[in-house]
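Work through the exercises below with the structure open beside you. Try each task before you read its solution.

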Amino acid sequence: MVSSSDEESRSDVSYNHGHTQNTPLLPLRSWSPSALKETFFASSPKSFAWPVRISFPHRVRRRYLLLAVILLVTLSSVPMLFSPRPDARSLQTVPVPSSLNPPLPSASDAEPGPYVDIIDEDALPVYLRPETYLEGPVATVHFRDSLRNDTGYLTSFLSAGFTNDQITIGNLIYLSMITGRIPILPPFTSYIDGSASPLPFSEIFDIPRMALGTNMPILEWHMVKDVDRAHAEHAKDEVGCWNIWEVDNLQSDGPRGSYSPILLTLDVSYTRAPASVKLLPGYEHDSHSTFWALAKLAFSEGRAEVLAKPDEHPTRPSGTNNVILPPDEQLVCYDYLYYVCALEPFEFDKDYSPMWRDVMVHAHWTEALAELARGYLRRLFRLSDTASIPPFIAIHARRGDFLGWCGDVPKEDCFAPLGVFARRVREVQEEIRSRHGVYVHHVIMTGDEKDPLWWDAVEERGWLRIDHAGERTAEQYGNWYPVVLDAVVQSMAIGFVGTDRSTFSIMGRRRVSDWNRGAVRMVKWGYVGADDH
């Protein structure tokens with residue numbers, strides 16, 4: 001089931017201190033998405049001639065100005081003479097908004113229906129279409145043959161659980177935004193099991209809608225490189241990337257390990273990033289960089305500043321061909337982007353998070369996946385294939401792999417009991433009643449607990465669960481889909497109760513809150529009474 005625990009960095013003991021970077025750099029013309037917009041849209045007139053103003057004597061101008069002021073005051077007083085005098089009962093207080101921040105996009109309906117009209121890539125503006133930034137319509141064996149020489153790109157690799165990898169991709173796209181580059185997204189390749197095929201981002205997320213929401217084009221690696229042919233022909237691409245993991249993690253002796261380069265047949269030469277990328281210098285218990293510290297490395301001056309000191313920022317030979325390459329200029333890449341923030345660690349849980357507000361709030365499910373989830377819900381509620389789905393509250397109880405965080409606290413004392421979740425459900429029900437004027441009694445539990453007795457206790461409370469074994473979800477759709485469908489179902493709820501510190505719960509909470517204007521709570525855990533309030 002759900003697991004977002006991080007893997008330890010796999011060490012790369014090959015470290016070369018004696019080479020300088022003398023590989024010639026790719027000449028680039030000036031590029032940016034804005035420049036490409038100008039290519040496809042007419043520019044504004046270059047000059048504008050103001051009309052000739054008629055000159056009046058100074059005394060005449062002053063007289064006309066005085067007459068105009070008197071006339072304006074007289075006209076504005078007329079409505080007051082004929083309007084009734086308001087009494088105390090007719091006076092109304094102007095409501096004060098609860099938040100002065102601009103609202104996020106919202107699906108708003110309590111019932112989980114279609115999110116929006118299906119958006120086809122061909123309907124996107126030219127500057128948002130993927131083909132605008134590719135040399136041809138077909139992916140090539142070597143990725144450089146697909147990239148335009150007037151465009152800059154940015155990528156990174158995945159190395160965690162399903163939800164953490166979504167956050168990594170959100171960070172990748174936001175970093176692309178602020179550097180003016182085109183993101184190239186890797187497929188999900190994480191923890192489900194060794195037999196799970198790579199899952200393209202676009203198989204579950206609606207990229208055309210996301211491109212419109214973020215106002216930027218989004219590419220995926222399968223658009224750029226024909227990975228199947230590359231593996232068949234044993235064709236590897238050599239590329240230089242930034243190693244930030246070793247800088248942010250004081251106990252690490254190499255870049256973050258990832259299956260992504262292997263899948264994409266990339267032979268990577270890593271250059272150690274400067275110490276300035278670490279958010280908390282010298283602090284061994286945090287692994288974060290800031291967006292702008294990393295963005296600096298994507299610009300020519302910041303890059304040159306680092307490469308001018310090769311002794312401080314050594315470059316490792318690549319794993320296959322043993323080549324030494326500086327970080328690529330056209331395709332800027334970083335080893336790992338999960339631990340990136342604007343201001344403070346793990347800020348994706350905060351309402352100001354730019355990764356969420358500017359990127360992942362626009363990452364809605366594809367309509368096909370949403371419709372698949374609706375089918376599961378209709379069967380769960382024993383409805384016809386066309387019936388409306390009633391409002392419901394979703395719970396996510398994260399237990400399984402969190403046991404390692406309990407330390408010496410027994411499992412039954414560490415994890416919140418069902419009664420604590422029930423108390424939070426009642427709070428959510430009351431808030432939904434107050435906000436939407438409806439009482440929601442349907443509750444769906446999702447979670448990774450393996451104990452059947454625990455699930456029996458869930459059913460005794462009248463709560464429902466999606467039976468992926470009975471639905472044969474993995475057999476029909478693949479090993480990713482039990483976890484994926486749980487996330488989709490959660491996002492369709494009008495209320496949500498999650499588990500504190502679980503990224504799976506955090507993303508579920510944010511979707512219900514910002515997409516559906518739902519009521520949300522998080523349950524604390526770790527010791528008896530942790531969620532008392």
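## Exercises on a predicted model

The protein chain has 533 residues, and 50% of them count as buried. The model is a predicted one.

**Exercise 1. How many helices and strands are in the protein chain?**

Solution. Go through the secondary structure. The chain holds 20 helices and 13 strands. Next, look at the contacts with a separation of 6 or more: 78% of these join residues 24 or more positions apart. Then take the surface. Its accessible area is about 27000 Å². Carbon and sulfur atoms make up 55% of that area.

**Exercise 2. Which residues of helix H19 are buried?**

Solution. Step one: find the helix, which covers residues 481-491. Step two: apply the cut-off, under 20% relative accessible area for a buried residue. Step three: list the residues that pass. They are Tyr-481, Pro-482, Val-483, Val-484, Leu-485, Asp-486, Ala-487, Val-488, Val-489, Gln-490 and Ser-491. Step four: conclude. Because 11 of the 11 residues are buried, H19 is largely enclosed by the rest of the structure.

**Exercise 3. Is Thr-163 buried or exposed, and which residues is Thr-163 in contact with, leaving aside its neighbours within four places in sequence?**

Solution. Start with the location: Thr-163 sits in helix H3, residues 162-179. Now check the accessible area. Thr-163 has a relative value of 2%, so this residue is buried. Last, set aside the neighbours within four places in sequence; Thr-163 then contacts Thr-503, Phe-504 and Met-507.

**Exercise 4. Where do Phe-346 and Arg-382 lie, and what is the phi of Phe-346 and of Arg-382?**

Solution. Begin with the background. Most residues other than glycine have a negative phi. Now take Phe-346. Its phi is positive, about 55°, although this residue is not a glycine. Phe-346 is found in the loop between strand E8 (340-341) and helix H12 (354-358). With a relative accessible area of 39%, Phe-346 is partly exposed.

Turn to Arg-382. Its phi is also positive, near 60°. The loop here runs between helix H13 (367-380) and strand E9 (392-397). Arg-382 has a relative accessible area of 79%, so this residue is exposed.

**Exercise 5. Which residues gather in a patch of negative charge on the surface?**

Solution. Look for acidic side chains on the surface. The patch brings together Asp-451, Asp-456, Glu-459, Glu-460 and Asp-467. Now place one of them. Asp-467 belongs to the loop between strand E11 (464-465) and helix H17 (468-471). Finally, check its cover: Asp-467 is partly exposed, at 42% relative accessible area.

Conventions:
Residues numbered from 1 in each chain as written. Predicted model: local features only at pLDDT ≥ 70, side-chain atom pairs only at ≥ 80, totals over all residues. Heavy atoms only, no water. Helix = DSSP H or I, 4+ residues; strand = E, 2+ residues; numbered from the N terminus. Buried < 20%, exposed > 50% of the residue type's maximum accessible area, 1.4 Å probe, protein only. Contact = heavy atoms within 4.5 Å. Areas by Shrake-Rupley, 256 points an atom, 1.4 Å probe, with all protein chains shown as cover. Patch = residues over 30% accessible without salt bridge, like charges linked within 9 Å, V, L, I, M, F, W, Y side chains within 5 Å. Salt bridge = Lys/Arg side-chain N within 4 Å of Asp/Glu carboxyl O. Lys, Arg positive; Asp, Glu negative; His and termini not counted. Charge placed at Lys NZ, Arg CZ, Asp CG, Glu CD.
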